[in-house]
Each structure stands twice: as structure tokens, then as C-alpha cells.
Amino acid sequence: MTTTRHLSPESLAAQALGWVDETTRAVVPPIHVSTTYLRDPDNQYRSGRVYSRADSPNYNQPEALLARLEKGAGALVFSSGMSAASACFLALTPGDHVIVSRVMYWSLRNWLLTFATHWGLKVELVDTDRIDAVKAAIRPGYTKLIWIETPANPLWIISDIAALSDLAYRAGARLAVDSTCATPVFTRPIELGADIVMHAATKYLNGHSDVIAGALVAARDDDYWQRIRTIRGQLGTVLGALESYLLLRGMRTLFPRVRTASANAQWLAERLAAHPGVEAVLYPGLPDFAGRAVAAKQMRGGFGAMLSVRIKPNADIGVNGEQAAVAVAANTTLWKRATSLGGVESLIEHRASVEGAGTPAPPDLLRLSVGIEAKEDLLADLEQALAIAHRRNTI
Ligand SMILES: *Cc1c(COP(=O)(O)O)cnc(C)c1O
């Protein structure tokens, strides 16, 4: 490990810390499938391993790599982003007050407002891009966790990690950051004062739309972190052996994938903003975006590969913005109509249909997960779909 101390994150990721299997000298780790481990003759488990519901050697390398990339004290991989995120809340105590971003990943928001609330957490939705609103919502002595997602699905609202970690610290609470869309390529929340970083590793960390996985990174190995580890072991929200291997393989190419996708997104956002069929483009890399200044402060080297476009209505042919947006998605061919994000292939989705009642997504909004295809191909496909959506008799 000492030999990797001064290496840049790109080098650490490409070689997955450069670990070599001690037994075989393989440069790619073996996949361990055993669920159980031999006990020593004197009844001890000196290997530290007992049973794979709690832990597995398959996690050593992806967890160590992610902890290095995020500059944390340790990392844990989970069976999904949702199981990683929910563990952060289940490690609290019923009665605790938590502040969470009003606009955030829809399934987590639903879980917080149903299960977590029934279980006893006092969940308060706050516009976490407004520091004064968070300050006003803090209940001294009761607020134990501030949970933000930045950039936040699907409007890409930016919350100020450094300012909120300062507020959390002074209130005796923790700050957890869903950094799925920022990725460690652009943002390292722990350096900015966050206590916990969460990733839906399903997305950019794996990057190939073929693994459901989650991960947490902790700034400190404290009681809270140990409770989270215990919850994973008790519930068995553990990652499978093959999935662990695939996740590590995906992480090796994290930097070139995410940088290419983000450069594509910036280029597309600028062109789509000037397109006559587009009402607005939501992307932190655009100069007039509300969260642009904070994004520029806490995202280095790019603004990510997620953006949303609001499609103009066409009154002449009686088409409203929602119908036009649905028609654009219906007519793309290179962009695949599918949920999820962070893969090498570009995806397009009408979020309001997915989220349903109470969604913050305007009906004319399409969420774009930009991949690593040629940017000109991506733009041409959107342009022809926009042309069809705004043409008479084709809807
Ligand atoms: C996908 C996603 C999650 C949930 O991850 P799963 O692996 O689908 O459980 C959480 N947060 C964000 C921002 C996501 O995109």
C-alpha cells in the first residue's frame, strides 16, 4: 500500500490500487464464492471471517479503492444504493430529527416519507440549496443527520457541502452526501467536511448498467459507522461475489468514462440551450444556472453528465410541453428510453411519468443521462426527435 501513497486518483483507479493476489500473483482478483470460513482448532476465527452475510473478501479491494478515492477512513459496499442510503437512517434512533433535500432521488424520498417516518424518524424536507432554510430547520439536540444529494435529481439543484457541513457540525449533527452524480472524479465531499458519502454504485462507479450496488464512505471510524456495518451484516444487504468483481472492474475506468460523458454533457447543454424547440436546459455547467457558483466551487474539472431539458409546446398544432417531451423521447433512436443513469450508453426519460403525484419534475422535462458516444451523434438524434415532436400530424 505504501507504494501507492503518492499516486493520483486516476492511477489508483486504473490499477485498483495495484493489488496482486498473494497466492496466484494474478493482477485481477479472484472471485470468492464461499459463504463460510474455517474455524481454528481452538474455536477462534483468526482470519476475521465467519460468514458472508456480514462481509466477504470480494469487498476488500473495491472498498479500499473507494475509501482512497473519497479520502475516507473506510468504505462499505452494499447490495444497492437504496440499502446503503437506508442504513444511514436505520443507524439513527427513532425520534431523531433528520433534514433531507426536498428534491432528491425519488425512491429514497418515498422510503423516508413512508417506512422511515413510520419507524419513528422525524423527516423534514428542506430546500438544502438555501443555507438559511437549513439553519431554520435545525432543532438543536434533536437533529442528527442532514442528508443532501448534489447535484440533485432531476433538477440538478446544487447544495453547498462546505457550508452545510459547518452547520451540521455546530448543531452536533452529521452531514451525509449522496454524491452519485458528482462522482469522486469531480467532488470529494469528505474534504469539504462531510461525514458520510453515499454512492448508488449502480450508476457511475460501475458504469455499465449491469450491476445493482451501493457504497458508503465514512470520514471517521466511529460508533455510527460501526452501527452501519452491523446493520449491513444483520440485514444481509451485501453485494454478490460476481457483482463485487464487476464493480471493481468498472471502477478502473471511472475517470475516462466520467470525464468523456461530462464533456459531452457540457457540449450538449450549450447547444440544446440555443435550440428553438427547447424551453430551458438545467445543467450546473451553464453560466445562468442558479447553483453554478457553488457547483464551480465544489466540482472540479466538470459538472457531471446529467442534465434535464424542458421541451417547448407548439400551440400551432395544439401540442403542450408534456406531449412534446414525450414525443421527443418516443422518437430518439441512439438515446435509449430507460430509467437509471451513469452508464456508458445515453438514456432519456420523461421523469414526471415515472415519479407521479408530488414530483418536482415539470411535465415538459426530459432527464438525459449522457454517455460516452460521439457527441455529434447524440445531438443529431435529439435534433431529429425535436423536429418530429414539433411537426404537425406526427404526434
Ligand atoms: C439510483 C440512485 C439511487 C439508488 O440506487 P439503487 O442502486 O438503484 O438502489 C440513489 N441515489 C441516486 C442519486 C441514484 O441515482
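Buried means under 20% relative accessible area, exposed over 50%, and partly exposed in between, with a 1.4 Å probe and protein chains only. Helices (H or I, at least four residues) and strands (E, at least two) are DSSP runs, numbered from the N terminus.

This is a predicted model, in which local features need pLDDT of at least 70, side-chain atom pairs count only at pLDDT 80 or more, and totals for chains, interfaces and linings use all residues. Residues are numbered from 1 along each chain as its sequence is written, and side-chain values use heavy atoms, with hydrogens and water left out.

**Helix α2 and its end**

Helix α2 spans residues 60–70, and nine of its eleven residues are buried, so the rest of the structure largely encloses it. Those buried residues are Q61, P62, E63, A64, L65, L66, A67, L69 and E70. E63 also belongs to a network of salt bridges with R49, D55 and R232. A salt bridge here is a side-chain nitrogen of Lys or Arg within 4 Å of a carboxyl oxygen of Asp or Glu.

At 47% relative accessibility, K71 is partly exposed. Its salt-bridge partner is E191. K71 sits in the loop between α2 and β1 (74–78), E191 in the loop between α7 and β6 (196–199), so the pair ties together parts that are 120 residues apart in sequence. E191 is partly exposed at 41%. R188 also forms a salt bridge with E191, and R188 is buried at 17% relative accessibility.

**Salt bridges**

The structure holds 25 salt bridges.

| Pair | N to O distance |
|---|---|
| E10 and R259 | 2.8 Å |
| K71 and E191 | 3.1 Å |
| R188 and E191 | 3.3 Å |
| K375 and E376 | 3.6 Å |

K375 is partly exposed at 26%. E376 is partly exposed too, at 45%.

**Two domains**

The domain assignment gives domain 1 (9–251) and domain 2 (254–389); such bounds come from an automatic or database assignment. Their centres, taken over C-alpha atoms, are 27 Å apart. Domain 1 puts 38 residues into the contact and domain 2 puts in 40. Contact means heavy atoms within 4.5 Å.

The area buried between the domains is about 3,200 Å², and carbon and sulfur atoms give 63% of it. Buried area is the accessible area (1.4 Å probe) that two parts lose on being put together, summed over both. W106, F186 and Y204 supply 26% of the area that domain 1 buries against domain 2, more than any other three residues.

Three salt bridges cross this interface. So do 17 residue pairs in polar contact, both residues at pLDDT 80 or more. A polar contact is a pair of N or O atoms within 3.5 Å; within protein, one must be able to donate a hydrogen and the other to accept it, and residues adjacent in sequence count only if both atoms are side-chain atoms. On the domain 1 side, α1 (9–14), α4 (106–119), α7 and α9 (241–252) each supply at least two residues. Helix α7 gives the most, with four residues.

**Nonpolar cores**

A nonpolar core is a set of buried Ala, Val, Leu, Ile, Met, Phe, Trp, Tyr and Cys residues joined through side-chain atoms within 4.5 Å. The largest has 79 residues, and L272, V281, L307 and V309 have the most contacts inside it. Helix α10 (residues 254–273) gives the largest share, nine residues. Both domain 1 and domain 2 contribute at least three residues each. Leaving out residues up to four places away in sequence, L272 touches V278, V281, L307, V309, L368, L379, L382 and L386. A second, separate core of 30 residues includes V98, V100, L112 and L216.

T180 lies in the loop between β5 (174–178) and α7 (183–186) and is buried at 7%. Its side chain meets that of D178 in a polar contact of 2.6 Å. The T180 side chain also reaches the backbone nitrogen of A200 at 2.8 Å.

T150 occupies the loop between β4 (143–149) and α6 (161–171) and is buried at 3%. A polar atom of its side chain lies 3.1 Å from the backbone nitrogen of S159.

P287, in the loop between β8 (278–282) and α11 (292–298), is exposed at 71%. P287 and E270 are 17 residues apart in sequence and 9.6 Å apart in space, C-alpha to C-alpha.
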